[in-house]
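Subject: Structure for your review

Dear colleague,

Please find below the structure I am handing over to you, followed by an account of what was found in it. Kindly note that the model is predicted.

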Amino acid sequence: MLAHLLNADNYINGEWIAGSGTAESTNPADGSVLGHYGPGTAALADQAVAVARETFDQTGWAASPRLRAAVLFELADRLEAARDEIADLIVAENGKLRREALGETMGAISEARYYGGLARTILGRTIETAPGNFSTMNREAAGVAAIIVPWNAPVTLLVRSLGPALAAGCTVVIKPAPQTPLVHHRVMRCLHDCPSLPKGVVNSVNEYGTEVGEALVASDAVDVISFTGSSATGKRIMAGAAKTLKRLSLELGGKAPAVIFEDADLDAAVRELTGGALVMAGQICVAATRFLVHRSIERDFTARMTAAFSAVRTGPGADPQSQMGSLIDLTNQSRIARIIEQAADEGELILRGRTLDRGAFMTPSLFRIDNTASELVQQELFGPIVSIETFEDEKEAVTKANATRYGLAASVFTHDLSRATRVSRAIRAGTIWLNCHGRLFAEGETGGYRHSGLGRLHGPEGLNDFLETKHVYLEAGVV
Ligand code: NAD
């Protein structure tokens, strides 16, 4: 699909820098080579951090809210101009559907514009604690932010952190995911083309293993880590950051339950949950991964859900007929195949996923299970496979919804407004959708309880991870 092989370099102080050696980027839908990238090293990460540090300490970036707004609006315009090219690259490198890739790109444009607006209204507050005594709470940029990005939504998840970081006045070093370096490079070109962006404010270092990420986490010159990825890596980062006591924003894994009560509109629920579970082939942190169904509607719901999952056409993201794209790679295809076997052993496999002739594809699976303690229920599976569990009453529904270590998102399907309100309060998760699943946008905070993370991105609270509060006290007094 791509006319020629692409190349992704590192980006430091406004210059493109080759990495050490080259690594391949491949298309998960057919295994073809798309291009190459130069993985960085710990030394290159240190170099990028030094540039970001000096730019933060020695230039007026942190004190220039209008400049920062201009950069974010320019970034949005450049992403918009390159929208179709970026979406095609996401499809090629990540395997998701063209409409999902376009939606992701549009989401990133929206994030950049949202935080461009907020850049000019970073509000502090002043109180007169006694006559003539003024306490001013200034909100100041936290310093150098390292942004570590996963592969599953490489554009949105970058801009979701980069937007508030730049709006707050931080300088940045980005570490993209090794699976999606070419997509990332195209976004970096958009940043490079922003006429108002001072050199050294945004830097980026690729990598293949974990050397660059670990160097950023260990660096004393980095003030904030904004990490999106798995809970296991998040815990490693938290331990690694302890020595330098960094601020941490951790957007981690999820195991979102969808609770379907007996009065729910089943047609609407099945429609929502087919999309909510199978978007990006289930490789999204907020995917519906557990269907908790009232026992009285279990048979009807299961029959309808099985029909809906069976009807989904799995195929290349670039094919307009496809309704679900590929997994990120063949390793994950084998991993999901093993999980399907485990589901057949531990529960009742209702719909068995299958591979296609070539590419990292896996069609949807559904299984029934009663054992909440099973790893199949407790672990994030990150693929197109969903469990069906039952409950007798509202109390049991809430207990089961809260039974995993995750707390990222959940949905509740019912026509009873009081019940919807009660249950949304009782479920311990950062986002609850009522009668729908999977709505994310720049204005509304997202983040996790418990093992799903620390802090919030999106919305005004997304700025908090990149700001310090300084209390300045003036005792002028009055006579
Ligand atoms: P991952 O944790 O394997 O990797 C994420 C990033 O961390 C990559 O850039 C990777 O190279 C880097 N990394 C790996 N080890 C590191 C280390 N020791 N130190 C520093 N950096 C390191 O996750 P993934 O497989 O790329 O992404 C999928 C995961 O991300 C899923 O668990 C998913 O739920 C989660 N996720 C969460 C959110 C959210 O908003 N909460 C959004 C998207 C994805």
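Three strands form an open sheet in the order 1-5-4, and their pairing is mixed. Strand 1 and strand 4 are the edge strands, each with a single partner strand, so one side of each has no neighbour in the sheet. From one strand to the next, the twist averages 30 degrees.

Strand 1 (residues 6-8) pairs with strand 5 (residues 33-37) in the parallel sense, over three bridges. Strand 4 (residues 23-26) runs antiparallel to strand 5, and four bridges join the two. Gly35 of strand 5 is the bridge partner of Leu6, and Ser25 also stands opposite Gly35. His36 of strand 5 is the bridge partner of Glu24. Strand 4 and strand 5 form a hairpin with six residues between them. In the turn, Gly31 has a positive phi of about 80 degrees.

Helix 3 (residues 83-94) touches strand 1, strand 4 and strand 5, and its direction makes about 105 degrees with that of strand 4. Helix 6 likewise touches strand 1, strand 4 and strand 5, while its direction makes about 75 degrees with that of strand 1.

Helix 6 (residues 181-192) also meets helix 2 (residues 65-81): their axes come within 8 Å and cross at roughly 130 degrees. Helix 2 is therefore oblique to helix 6, and the crossing is right-handed. Leu75, Arg78 and Leu79 of helix 2 make the contact with Val187, Cys190 and Leu191 of helix 6. By class, this contact has five nonpolar residues, no polar residues and one charged residue.

The axes of helix 9 (266-278) and helix 10 (residues 298-311) come within 10 Å and cross at roughly 50 degrees. That angle makes helix 9 oblique to helix 10, and the crossing is right-handed. On the side of helix 9, the contact is made by Leu266, Asp267, Val270, Leu273, Thr274, Ala277 and Leu278. Helix 10 contributes Asp300, Phe301, Arg304, Met305, Ala308 and Phe309. By class, the contact of helix 9 with helix 10 has nine nonpolar, one polar and three charged residues.

Another open sheet of three strands has the order 6-7-23, with antiparallel pairing. Its edge strands are strand 6 (125-130) and strand 23 (467-475), each of which pairs on one side only. Neighbouring strands of this sheet are turned against each other by 25 degrees on average, direction ignored. Strand 7 (residues 133-141) pairs with strand 23 in the antiparallel sense over nine bridges. Within that pairing, Thr469 of strand 23 is the bridge partner of Arg139.

Finally, I turn to the aromatic rings. A search of the whole structure finds six aromatic pairs. One of them joins Phe261 and Phe391 in an edge-to-face arrangement, with 5.2 Å centre to centre and 70 degrees between the planes. Phe261 lies in the loop between strand 13 (256-260) and helix 9, and Phe391 in strand 17 (residues 385-391), so the pair ties together parts that are 130 residues apart in sequence.

With kind regards

Note on methods:
Residues are numbered from 1 along each chain as its sequence is written. This is a predicted model: local features need pLDDT of at least 70, side-chain atom pairs count only at pLDDT 80 or more; totals for chains, interfaces and linings use all residues. Side-chain values use heavy atoms; hydrogens and water are left out. Two strands pair if DSSP finds at least two bridges between them. Axes are lines fitted to C-alpha atoms, for helices over the stretch in contact, and angles run from 0 to 180 degrees between N-to-C directions. Angles under 35 degrees count as roughly parallel, over 145 as roughly antiparallel, 65 to 115 as roughly perpendicular and the rest as oblique. A crossing is left-handed if the near helix is turned anticlockwise from the far one by less than a right angle, and right-handed if clockwise. Contact means heavy atoms within 4.5 Å. Ala, Val, Leu, Ile, Met, Phe, Trp, Tyr, Cys and Pro count as nonpolar, Asp, Glu, Lys and Arg as charged, and the others, Gly among them, as polar. Rings of Phe, Tyr and Trp (its six-membered ring) pair if their centres lie within 6.5 Å; planes under 30 degrees apart count as stacked, over 60 as edge-to-face and the rest as tilted.
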